[in-house]
Amino acid sequence: MSTPQFEDIIYEVRGRAAWVIINRPKLYNAFRAQTIEEMIAAFKLAADDRGVSSVVLTGAGDKAFCTGGDQSAKDGQYDGRGIVGLPIDEFQSIIRDIPKPVIARVNGFAIGGGNVFATLCDLTIAADTAKFGQVGPKVGSVDAGWGTAFLARHVGDKKAREIWYLNLQYSAQEALEMGLVNKVVPLADLDAAVNEWTEMLGQRSPTAIALAKRSFNADSDNIRGISMMALNSVKLFYDTEESKEGMRAFQEKRAPDFHKYVK
């Protein structure tokens, strides 16, 4: 099977695992519209490859898994197709819909949209140096649905609200204790830990695993509707001065003053 040429990601098949690596380390693996398009294409490749049993989603380097949307590619909306200029809903859906387990290999910061990606993955293995958190309300944004309601399924309602309202950062150990990750290992042992699990998954019945994944998803798939409704609302929010103040403040490295724009 021929592999398309990618610019923002790396796609590799290692044994029975497909690795999708966001390759923008200078930007802490923040994504733009092209990054999302390429990840969708890579996940489709993995879905169609009968030799692939699982997918590993990660970021290049040892600083970041993914830090969400690239603010330099955002002017109100983002720079591509989709409701907010990003086909983010399509990528979030394919993480759930691909009939193979997706492992988040969290090698550093998993912040904002990156934290939502990790939340959506079936399993998460984190380096002990990893950090998790949400920043939406600090920058005039929110990723509701999968980012809020599904997060609450993992960590509980009170903790999910804390994560979204206060925008604190949490260590890998804290993420483990709250149920956001499955396993924490030293950074030097991260690949070995991921490989151990992908090899185990490669020995399991693909159909049984697919049925199990579908059954887990069926119990929470109503959240997909919440996500779509929220995404359409966020599109309108991005065009407000309140939201734009968050982006301006981030780019100008100052504290935002949201309240003067509240209507």
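This is a predicted model: local features need pLDDT of at least 70, side-chain atom pairs count only at pLDDT 80 or more; totals for chains, interfaces and linings use all residues.
**Exercise 1.** Find out where S220 sits and whether to call S220 buried or exposed.

*Solution.* Start with the helix: S220 belongs to α8, which covers residues 206-220. Next, look at accessibility. The cut-off for buried is under 20% relative accessible area. S220 has 3% relative accessibility, so S220 counts as buried.

**Exercise 2.** Work out which residues S220 touches, leaving out those up to four places away in sequence, and which side chain S220 joins in a polar contact.

*Solution.* First, list the partners: S220 touches R96, W146, F150 and R153. Then pick out the polar contact: the side chains of S220 and R96 are joined at 3.2 Å.

**Exercise 3.** Describe the second largest pocket: its volume, its lining and the element that gives the largest share.

*Solution.* Begin with the volume, which is about 540 Å³. Now go to the lining, made up of 24 residues; nearest the centre are C121, D122, F150, H154 and F216. Two or more lining residues come from each of α3 (113-120), β7 (123-127), α4 (146-155) and α8. Of these, α8 gives the largest share, with seven residues. Finally, sort the lining by class: you get twelve nonpolar, seven polar and five charged residues.

Let's tie it together with F150: this residue touches S220, and F150 is also among the residues nearest the centre of the second largest pocket. And α8, the helix that holds S220, supplies the largest share of that pocket's lining.

Note on methods. Residues are numbered from 1 along each chain as its sequence is written. Side-chain values use heavy atoms; hydrogens and water are left out. Helices (H or I, at least four residues) and strands (E, at least two) are DSSP runs, numbered from the N terminus. Buried means under 20% relative accessible area, exposed over 50%, partly exposed in between (1.4 Å probe, protein chains only). A polar contact is a pair of N or O atoms within 3.5 Å; within protein, one must be able to donate a hydrogen and the other to accept it, and residues adjacent in sequence count only if both atoms are side-chain atoms. Contact means heavy atoms within 4.5 Å. On a 1 Å grid over the protein atoms alone, a cavity is a set of points where a 1.4 Å probe fits but cannot get out, and a pocket is an open set with protein on both sides within 12 Å along at least five of seven lines; lining residues have an atom within 4 Å of a point. Grid points are joined across faces, edges and corners, and a volume is the space filled by probe spheres set on the points. Ala, Val, Leu, Ile, Met, Phe, Trp, Tyr, Cys and Pro count as nonpolar, Asp, Glu, Lys and Arg as charged, and the others, Gly among them, as polar.
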